[in-house]
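Biologist: I'd like to learn how to read cavities, pockets and helix packing in a model. Could you walk me through it?

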Amino acid sequence: MTSQNDSGYAIYNNTPNFHPVNSIYENRLRQFIDKHGQYKDFNVPKFYDQERIWNTAGDDTSAGFVNLGVYAVPHLDRPLFRDVVPHAEFTPASKGQSFGPSWKTFWFQVAICIPSKWIEAQPEEIHFEWDCGNEGLAYSEDGTTLKAFTGGERIELALPKHLWVKEQTHTFYIEVACNGMFGNGRNGSDIAPPDENRWFRLATADLVLPNLEARRLGVDFWILSDAARELPSDSWQKHKARTVCNQIMNAFNPEDVASVATCREIAQEMLGKDINSDAVYHNHLKNSPQAVEVVGIGNCHIDTAWLWPFDETKRKVVRSWTTQLAIMEKYPEYIFVASQAQQFKWLKQYHPETFDRVKQKYREQQFFPIGGSWVEHDTNIPNGESLVRQFLVGQRFFLENFGFQSDCFWLPDTFGYSSQIPQLCRLANIDKFLTQKLSWNNINNFPNTTFNWIALDGSQVLVHMPPANTYTADANFGDVMRSLHNHKNLENDHQGMLLYGKGDGGGGPSEEMLEKLRRCRGLSNTVGLVPTVQVGATVDDFFASVLERTNNGKDLVGWNGELYFEFHRGTYTSQADIKKFMRLGEVKLHDLEYVASFASLRGYTYPRKELEALWEDLLLCQFHDVLPGSSIEDVYKDAKPMLRNVIDRCDELLKKALTHIGGGKGAKPAIEDVTFVNTLPWARSEVVESSPEKALVYVASDESGSVSTAQADSIKYPATVSRTSGSTFVLDNQRLRATLSNGILVSLYDQLNDRELIDTQTGTEGKDFVSADLVGGNQFVVFEDTPLSWQAWDTELFSLMKYKPLAYPTTFEIYDSGPLRSSVKASYKISEHSSMDVVISLDGLQSLEGDLSFLRFHCDVDWHEECKFLKVQFPTTLRTSLEASYETQYGITHRPTHWNTSWDVAKFEVINHKFADLSEFNYGCSVVNNGKYGFSIHGNVMRLSLLRAPKQPDAHADMGRHVFEYGIYPHRGALGMDTVKLGYNFNYRMDETLMLSGPRITEAAGLLNSISLESRDQSLILSHVKRAEDDADVTTHDLPLQYEGHKSLILRVYEALGGSSRGILNISGLNVAKIVKTNLLEEDLEEVTVESTKDGATAKISLRGFEVATYRVVLK
């Protein structure tokens, strides 16, 4: 009798199988690749190393050895290889020693001899393993960078085969930095202030003979076990993956290394046979490249400064990119991108040989510079011209050094995105944009992944936000899955980009990540369900395929205006000094370029090299962790002097240029012998302090640029101050009348328009203020500021519910009695540690209609608080507007004044530039400032953010003295050009640095006003004048000259209020050859018709609403 029938199916079942308990079999899987678990000796990590040695040189050199010497660099210097190795005296070192303190540098001399038996075995690789718990970089004996080390993560160097010589000693060097990848944060917190006495123990300095097949099995199993855990429970692939994993574990024999090969064969059932090479990516697509669902792009986000100073970033760059160059040699499919022209310049400057290797890998199409900007900058705070220069300086660097301009703006980690970025991108030859930061939103989930982002003027860029919601993916199975499944626009497109590689502190992808992606692709090729990931496609390939599938983007959804980041709102205010210096630096560079450009037409040598250096420093400080205020204290010890130097050097160069054209001798003249230079393109009048007497003088500039001054006795509408009661004062100039009681603005009455601006009822119900006496304008409020995390970055919604208004000032008295300026001074005690003096002033006028009259507040604060937020607020009589207007770069952003939806609530703190405005149809109010960016307008209350006091990552952020000004300007009608002009006037002061004197003063004044712009509705602004980059007498770069034999001026013009507008450029006293409209990179777009006049030329121009236009005026 047989035991089975003819079909082979058994008749009897004497060995029944049980149904496996899936959760138990699944949980078992973690044991197999756990390097530190209780069963590591029974699983595959046991075989990861065949042998390792650590012993010093002995009589038997065939056994191999490692000898270490160390040199401690004095102080906290960071010298280069060439400055250390040839001269250093190395002393013996050993494993187990500790090195420090924080930020110190050590150089190690490593002498090795590889065991002879290893060489005889002809293995695939021999490694040197180094783990000192910190960052390091290995150099060959001749100074070639080899590979970086990161404590605990990136610790192996594959030794070049030319070192595989029996019984021969070879030497290389390791530079070690006493900081981790994320600096030296205290108590294990990366974002805590640095521990300045951190030491690092050298745990490993071994020669290792690895078993690469066992390690590959570890990666095989890693991906298969992830599939078993993460695939849907209703998929057969999930259960198959769990079964295969258990089969591998059952087949593995910890006593027989040959079982590794058996296990890898089992893994191939799901992974396929091509996972050991780039062949896994070839010939497996069912239809075409359109079947690719995930494009893997290696990247290495390096914060140009953050939890470490700029100088450490210079080393992070060479460490990170050297490692990527090594990986490219091993993985031909590998594509890597890196942004920030500044970092490439540092590499070129300090490691030219590594820079040349980067250029070679670019030629081989593996290493791709990207981004087009100087740094990955903040886009909220820099002014419009700064954003232009980020692209101009960045793109020109890439063009000069790599022969191309980037067409993708790469900004994965910045804290929100200004509404004019798409327009500026298109004007810089960029039509794509990549970011992912909005995935951090803490209130609303941003609804798009791939979409068109539309600027204020209608310009658009194609945007992709990687669906895995990170730019630092570890290339795990789940990262690949999320790169498709989290895609929010699958109705339009089915492809996501996966950005993988260690980032923020640098590092980039590892070999292990490339291996994991090969296996993810193997799974997709073999059993499906897993998104098809492709490594080898470029960023350009990715965007081109998106456009191909979406009718050149026409099928994609659109997003208009700013990409507001619902997080890190405190960065509009943190580190007030750096923001103040940035604003002033931008102003000074504007004024210097304006004056120097015209002066260079009359024999003055345009200071191109110095201007370039100053701009590069300014742009560097706009990095998205520096300018927002989220870096450690050491960063600001570098950045603040850098920006102060920009300001001071601009003043020096400005003085030279003015002296040249005026013919003065440099000495300070008397006030009656000077004229002030107005660098703004409209008539203006204001009261200024003259020098050296510091006396007040009324200065007026007319439409032709002619400047006149008036002394106190000739002012038509003098400013007065009177005391109406013990603590109540009235400031008056016949246009405005301000009543102040105990420091509170209880009335601001517009006498010309018969309007009261200040509401003294809001807040009297007891919810806001305990006393009605404290209700009014210029009310200072201290909020408790304890965000859930990220102190320097965040301020939270709940802080609005816990605050304390500043009570009466300790003193309140008359400060200036007019007639040019009347003022009162209030002195406040903020706390036991902090105090503030506030001078509130009103200036006299020559014209009630023509002069812009506003109430000025000059604050001098001694600030020593902890987790507090100082704001000032103005309750107004303006109640009907559902939105407020905030100046942004080259335009206006409108935001809600209500809390109707969660999207409205999220904008409880927003960004403004020189002003914010709340207006009804016939009347409004603007608040101007000279360096404050945080603002909120809700209901009828306008609130300007002044100072914060976070304690991480800089324990002393904002502590000390702060001097700043703001003003409140009531106006007839809705927001108009008077507010825009006042915002400029308030920042671009006619001060002592813009005094012109000398025998040629009249001629010089005419030269400086030789270009003007007429606009019927006045909304066109000539915002910047400079020399052309590629004029022969100006250029400092190896790029083609334009209009050789001519000098050119570059004019930046924009429409400020949002309506199409026409204007006329008037040029007098200059011989114009032609006028050409260009892009931001000063590449010609179209010629403008020029009409000659008796003393120059005119040209008609037309701009869209909020358009930014650039014109080249070519001179004969």
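This is a predicted model: local features need pLDDT of at least 70, side-chain atom pairs count only at pLDDT 80 or more; totals for chains, interfaces and linings use all residues.

Biologist: How many cavities of 30 Å³ or more does the structure hold?

Modeller: A cavity is a space where the probe fits but cannot get out. The structure holds 11 of them at 30 Å³ or more. The largest cavity has about 190 Å³ of space. Its lining is made by 17 residues, and N383, G384, E385, Y890 and Y984 are the closest to the centre.

Biologist: Which element gives the most to the lining of the second largest pocket?

Modeller: That's α13, with 7 residues. Elements that each supply at least two include α4 (212-230), α7 (310-330) and α13 (511-527), along with strands such as β1 (49-53).

Biologist: Now the helices. How are two packed helices described?

Modeller: By the angle between their axes and the distance between the axes. Take α4 and α13: they pack at an angle of about 55°, with their axes 9 Å apart.

Biologist: Why are α4 and α13 called oblique to each other?

Modeller: Roughly parallel needs an angle under 35 degrees and roughly perpendicular needs 65 to 115, so α4 and α13 count as oblique. α4 passes α13 in a right-handed crossing. Residues in contact include R216, W222 and L224 in α4, and E512, R519 and L523 in α13. By class, that contact has 7 nonpolar, no polar and 6 charged residues.

Biologist: At what angle do the axes of α7 and α9 cross?

Modeller: Roughly 45°, and the axes of α7 and α9 (residues 352-363) come within 11 Å. These two are therefore oblique as well, but α7 passes α9 in a left-handed crossing. V318, T322, L325, M328 and E329 in α7 meet T354, R357, V358 and K361 in α9. The class count for this contact is 4 nonpolar, 2 polar and 3 charged.

How values were computed. Residues are numbered from 1 along each chain as its sequence is written. Side-chain values use heavy atoms; hydrogens and water are left out. On a 1 Å grid over the protein atoms alone, a cavity is a set of points where a 1.4 Å probe fits but cannot get out, and a pocket is an open set with protein on both sides within 12 Å along at least five of seven lines; lining residues have an atom within 4 Å of a point. Grid points are joined across faces, edges and corners, and a volume is the space filled by probe spheres set on the points. Helices (H or I, at least four residues) and strands (E, at least two) are DSSP runs, numbered from the N terminus. Axes are lines fitted to C-alpha atoms, for helices over the stretch in contact, and angles run from 0 to 180 degrees between N-to-C directions. Angles under 35 degrees count as roughly parallel, over 145 as roughly antiparallel, 65 to 115 as roughly perpendicular and the rest as oblique. A crossing is left-handed if the near helix is turned anticlockwise from the far one by less than a right angle, and right-handed if clockwise. Contact means heavy atoms within 4.5 Å. Ala, Val, Leu, Ile, Met, Phe, Trp, Tyr, Cys and Pro count as nonpolar, Asp, Glu, Lys and Arg as charged, and the others, Gly among them, as polar.
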